[in-house]
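Here is a short briefing on a ligand and the space around it.

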Amino acid sequence: MSVDTRQANRRRNRHAGQAQVWLFGYGSLIYKVDFPYIERRPACIRHWVRRFWQGSHDHRGTPQAPGRVVTLVPQPDAVCIGMAYLITPAVFAQLDLREKNGYLRCTTEIDFGNGEQAEGLVYIATAENAAFLGPAPEAEIARHIAASSGPSGPNRDYLLQLATALRELDAHDPHVFDVERHLIDLLASQRGADQR
Ligand code: SIN
């Protein structure tokens, strides 16, 4: 599958006739809200886990030196906490551009945690997209992130802002927090080496 998913997402316009659609965000969509929304609520989706397995050619890296950003990977019984936004379908033009590096709009059941659920959409970069990097040990992912940067800024900022946003949501994500811990250790040892 091509890396640029804009065309594929335009064809996935099942919600075009609706006045409003729920979008579930689990990565930068939690903390970088540069799109209009009607309402936002903490929420979760089931049977998916967040992983730094997607390459970023356009935001936190380049095609020559991709960064690492999160996608969702299927896992039975898993719960992924994030933020749900109620938006108008017109906003997808902007979101498809932002998420064009491998992410496809997928339908999901969103759980608001108070007995309320709604069908909505989530951007997922599957293993079939050409930018998918796949699994690696958390320490290696942290080294990769420490060394990457792209048009949206250093890859480390993506990780640190996501970890902060997840703490604010009371979401314990062992994978993200492990990569964050390795990154912080790495940055501290780099600072120590610079001072010697
Ligand atoms: C998301 O945040 O929901 C998708 C991945 C990203 O943009 O970081």
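The shell around the ligand divides into 5 nonpolar, 3 polar and 1 charged residue. Ala, Val, Leu, Ile, Met, Phe, Trp, Tyr, Cys and Pro count as nonpolar, Asp, Glu, Lys and Arg as charged, and the others, Gly among them, as polar. This is a predicted model: local features need pLDDT of at least 70, side-chain atom pairs need 80 or more, and totals for chains, interfaces and linings use all residues. Numbering starts from 1 along each chain as its sequence is written, and side-chain values use heavy atoms, without hydrogens or water.

**Ligand shell**
- The shell holds Gly 25, Tyr 26, Gly 27, Ser 28, Leu 29, Val 70, Glu 99, Tyr 103 and Tyr 158 (a heavy atom within 4 Å of the ligand).

**Polar contacts** (N or O pairs within 3.5 Å)
- A backbone N or O atom of Tyr 26 lies 3.0 Å from a ligand oxygen.
- For a polar backbone atom of Gly 27, the distance to a ligand oxygen is 2.8 Å.
- For Leu 29, again a polar backbone atom, it is 2.9 Å.
- The protein covers 97% of the 250 Å² of accessible area that the ligand has on its own (Shrake-Rupley, 1.4 Å probe).

**Pocket**
- The ligand takes up the largest pocket (more than half of its atoms within 2 Å of the grid points).
- A pocket is an open set of points on a 1 Å grid over the protein atoms alone, where a 1.4 Å probe fits, with protein on both sides within 12 Å along at least five of seven lines; lining residues have an atom within 4 Å of a point.
- The lining residues divide into 8 nonpolar, 8 polar and 6 charged.

How values were computed:
Polar contact = N/O pair within 3.5 Å; in protein donor to acceptor, adjacent residues only side chain to side chain.
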